[in-house]
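Colleague: I have not looked at this structure before. Could we go through it with a few questions?

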Amino acid sequence: MAAGNHSTVTEFILAGLTDKPELQLPLFLFFLGVYLVTVVGNLGMITLIRLSSHLHTPMYYFLSSLSFIDLCCSTVINPKMLVNFVTEKNTISYPECMIQLYFFIFFIVSESHMFAVMAYDRYVAICKPLLYNVTMSYQVCSWLIVEVYMMGFIVATAYTVCMLRVVFCNAKTIHHYFCDIFPLLELSCSSTYANVLVILCLSVFNILAPTLTILGSYVSIIASILRIRSTEGKSKAFSTCSSHITAITIFYGSTAFMYLQPSNVSSTVQSKVSSVFYTTIVPMLNPLIYSLRNKDVKVALSKIIEKRLFCISKD
């Protein structure tokens, strides 16, 4: 970490999404709307799950944690981006940049592992229903949540410590709208070999572990569903997973689009567009997916609304 103290850069300039003045206001209004929907949607989901005893199950306990992660991840990126739309000089200090990088990695890694935990929960619910209450007890669910956040903590700490060792000299314009790993490494005037090695090793684990867990869980789930004879039974079993499958597809699809582009096709514009979807749109979509495609959430919401209306009319 001592090497980081030799950097001559005390602040960075964020290039932002666009350098066209006529697009600043429309983009500000659009992303302000997206952020407000994200905050209301995720806070609403957390509140609904806490208020409705019908939703006090492991599946919704994990969903509540996912909503918290999405809310925090969006808050790490969006407020600074919105400020940059309405200011002339889009600067961020070196400490603020490192803090943003740390929490961005923390919540993104946590979200990846949370999806794996949710897939395992669906596997137990469908493939081992008689053992569900024992296997997914409150203690087990709590430990799974702790492990998810521990993974985020370990990876974010490792990445950030390595970044603090990087020396930044004269170049200080980040060609992005937030402090991300690779745009920062492009500005380095010291060796980034250790950083790339750490990124490679941890990325392999953080991609393979959740992916294999999700694939293994859903292969077993599909096999179990195919063994169900009644059409109604198959439909009911699949409906418990449909929202989760949709959310996983969007999350990993946007990640793949961002990181698996061929080098000859990749560009700064494409990187920014895919990052916007990955860091801003996905956190907004998740609560909508789980509310619009989930019967339990709809029932719980209608009951709470009816209860509130009854209390108002009674008064």
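Colleague: How many salt bridges does the count come to?

Modeller: This is a predicted model. A pair counts when a side-chain nitrogen of Lys or Arg lies within 4 Å of a carboxyl oxygen of Asp or Glu. Aspartate 121 and arginine 122 meet this, with their closest N and O atoms 2.9 Å apart. The count comes to one salt bridge.

Colleague: Are aspartate 121 and arginine 122 buried or exposed?

Modeller: The cut-off for buried is under 20% relative accessible area. Aspartate 121 and arginine 122 are both buried.

Colleague: Why is helix α3 described as largely enclosed by the rest of the structure?

Modeller: Helix α3 covers residues 94-127 and reaches 50 Å from its first C-alpha to its last, close to the 50 Å expected. It is largely enclosed because, of its 34 residues, the number buried is 27.

Colleague: Where is phenylalanine 153 found, and what is its relative accessible area?

Modeller: Phenylalanine 153 belongs to a nonpolar surface patch with Trp143, Val146, Met150 and Ile154, and together they have about 510 Å² of accessible area. It is found in helix α5, residues 138-164. Phenylalanine 153 is partly exposed, and its relative accessible area is 41%.

Note on methods:
Residues numbered from 1 in each chain as written. Predicted model: local features only at pLDDT ≥ 70, side-chain atom pairs only at ≥ 80, totals over all residues. Heavy atoms only, no water. Buried < 20%, exposed > 50% of the residue type's maximum accessible area, 1.4 Å probe, protein only. Helix = DSSP H or I, 4+ residues; strand = E, 2+ residues; numbered from the N terminus. Expected span 1.5 Å × (residues − 1). Patch = residues over 30% accessible without salt bridge, like charges linked within 9 Å, V, L, I, M, F, W, Y side chains within 5 Å. Areas by Shrake-Rupley, 256 points an atom, 1.4 Å probe, with all protein chains shown as cover.
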